[in-house]
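Here are some notes to read alongside the coordinates. Please have the chain open while going through them.

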Amino acid sequence: MRSARQAAVTAAAATAALAVSSFAASPAQGAANPNNSAKMRQAVTVDGVMRHLQAFQDIADANGGNRGAGTSGYEASGRYVEQKLRAAGWTTERQYFPFVYEQTRSTSLTELSPDARTVENIPMSYSQPTPVGGVTGQLAAPSVATGCVVGDYAGADLTGKIAVVSRGAGCSFAQKAQVAKSVNASAIIIYNNTTGALNGTLGGIDPTTAPATGVTQAEGQAILAKMARGPVTMRFVLDKTIEERQTFNVIAETPTGRDDNVVMMGAHLDSVEDGPGINDNGSGTAGVLETAIQLGKVNKLNNKVRVAFWGAEELGLLGSTEYVADLQENDPAELKNIATYLNFDMIGSPNYIIGVYDADQSTYPAPGVVPPGSIETEDVLTDYFDSVRQPWVDTEFSGRSDYKAFIDAGIPASGLFTGADGTKTPAEVEKFGGTAGVIYDPNYHTPADDITNVNRRALDIMSDAIAHSAITLAQSTEKINGKRSNGKSGKPAKPAPSVLPEGRTAA
């Protein structure tokens, strides 16, 4: 279950934790034995899942409105999950890892002259903050628009000025910001070289970079045209905290079942900084948690089940990436013991679809290799929906959530998704209801992703599917990897025909 490093961090966490009970010690009194799909789906109720969501809402309300990694809200969320699992008889452990914590208190880009206006911009992730009150200066552009090397500024001194450069020319945003700092610019504005907003990252903390922000291509061209007519002065304010902190994954597994054939299920526990994250991803967390609680009542499992509640997903899939990388480095045999991984990220979107990750690429080509066994994992979910006459659609196997690290390591994966910032189609309305032309979760990554932002019907459908997949794979993964409950091997899954997260870009 854990590598040497995981064991070390677990020991540290256990010192401050509640006493851990054994899995068999505390099943619910008089509870049924939900050892098949029908019984497990009956045990995992939408009311039970909603109770966890209300708890996450209460935690966010008491902790500044969010449950983001590195915050008191995340710590409280982790304790809640641990306490519920322990009460159900699970043994839990924490896997700690460092990350860069960023909190932006205020930011603005304002043209002071020749016009007075607010300029739309997106500060670069990992950008250094500006001094208190921001920086004010005349804009200056290098002789080579991309500003990749000091020579592009032709020896100019930009002291007290703000550099304006273009994205592109094969150098990173961080390099542009380093060069701007080296020519004494007080900040740098990078404009896009294509349509759309520029949502960039410097890739890490670097005090040798100038405070950096991004604007659209159209805004950049307008600024340059204005600079050609005379001096332009702007003020850039970026009041933020940027520092290294620690956060953690919560991991738990059953003590019974084959330990060379582990079924993993996971959901990210953190929210974005801007809100409580009740759909994204309290919903997936609550679905996995309630299923784990009910799984604790089963008297016999053929395969171990391991559940993971990932930290810092919203900051770049950090928790799941750390988990897989740690096993690759310290316990590669344990990584190979994972039969499959199922991911549940957003299962209660208001304008929902019933989406299953498209491992067989019947609708969407995958941007990377899909490991053998993924198609069969997808089939567990789609066959279930077909059996209960529940419509479903493929959703792109894009690598935007915590299954990416597993796929990259060759571990089969699939999962469920009710939609985020995509737009619902008329065909999807015919299948699921809702409103065409509106995104699946209109409150995605906003303060309004609260307890009122969850579609109870979607949550009920998806929770049943989680329950079904958990107990089904706990009893047999033979169709995925050929392993039988008696320890013998049968026919393995067929190789899949032939994943990269979207978001901030580094160049």
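1. Basis. This is a predicted model, in which local features need pLDDT of at least 70 and side-chain atom pairs count only at pLDDT 80 or more, while totals for chains, interfaces and linings use all residues. Residues are numbered from 1 along each chain as its sequence is written, and side-chain values use heavy atoms, with hydrogens and water left out.

2. Overall. The chain has 14 helices and 14 strands, taken as DSSP runs numbered from the N terminus (helices H or I, at least four residues; strands E, at least two). Of its 507 residues, 55% count as buried, meaning under 20% relative accessible area with a 1.4 Å probe, protein chains only. The accessible surface is about 19,800 Å², and carbon and sulfur atoms account for 51% of this; the area comes from the Shrake-Rupley method with a 1.4 Å probe.

3. Helix pair. Helix 10 (residues 374-387) packs against helix 13 (residues 456-475) at about 125°, and their axes are 10 Å apart. Axes are lines fitted to C-alpha atoms over the stretch in contact, and angles run from 0 to 180 degrees between N-to-C directions.

4. Aromatic pairs. Rings of Phe, Tyr and Trp (its six-membered ring) pair if their centres lie within 6.5 Å; planes under 30 degrees apart count as stacked, over 60 as edge-to-face and the rest as tilted. The count comes to 13 aromatic pairs. In one of them, tyrosine 357 and tyrosine 403 have ring centres 4.6 Å apart and planes at 50°, so the pair is tilted. Tyrosine 357 is in strand 12 (residues 355-357) and tyrosine 403 in the loop between strand 13 (393-395) and helix 11 (404-408), so the pair ties together parts 46 residues apart in sequence. Both tyrosines are buried. Elsewhere, ring pairs link Trp310, Tyr323, Tyr341 and Phe406 into a cluster.

5. Charges over rings. The charged end of arginine 245 sits over the ring of tyrosine 101, 3.5 Å from its centre. Lysine 424 has its charged end over the ring of tyrosine 352, 5.3 Å from the centre. The criterion is NZ of Lys or CZ of Arg within 6 Å of the ring centre and within 35 degrees of the ring normal.

6. Strand 8. Alanine 252 is found in strand 8 (residues 233-253) and, at 0% relative accessibility, counts as buried. Alanine 252 and arginine 94 are 158 residues apart in sequence, with 8.8 Å between their C-alpha atoms.

Technical notes. Buried < 20%, exposed > 50% of the residue type's maximum accessible area, 1.4 Å probe, protein only.
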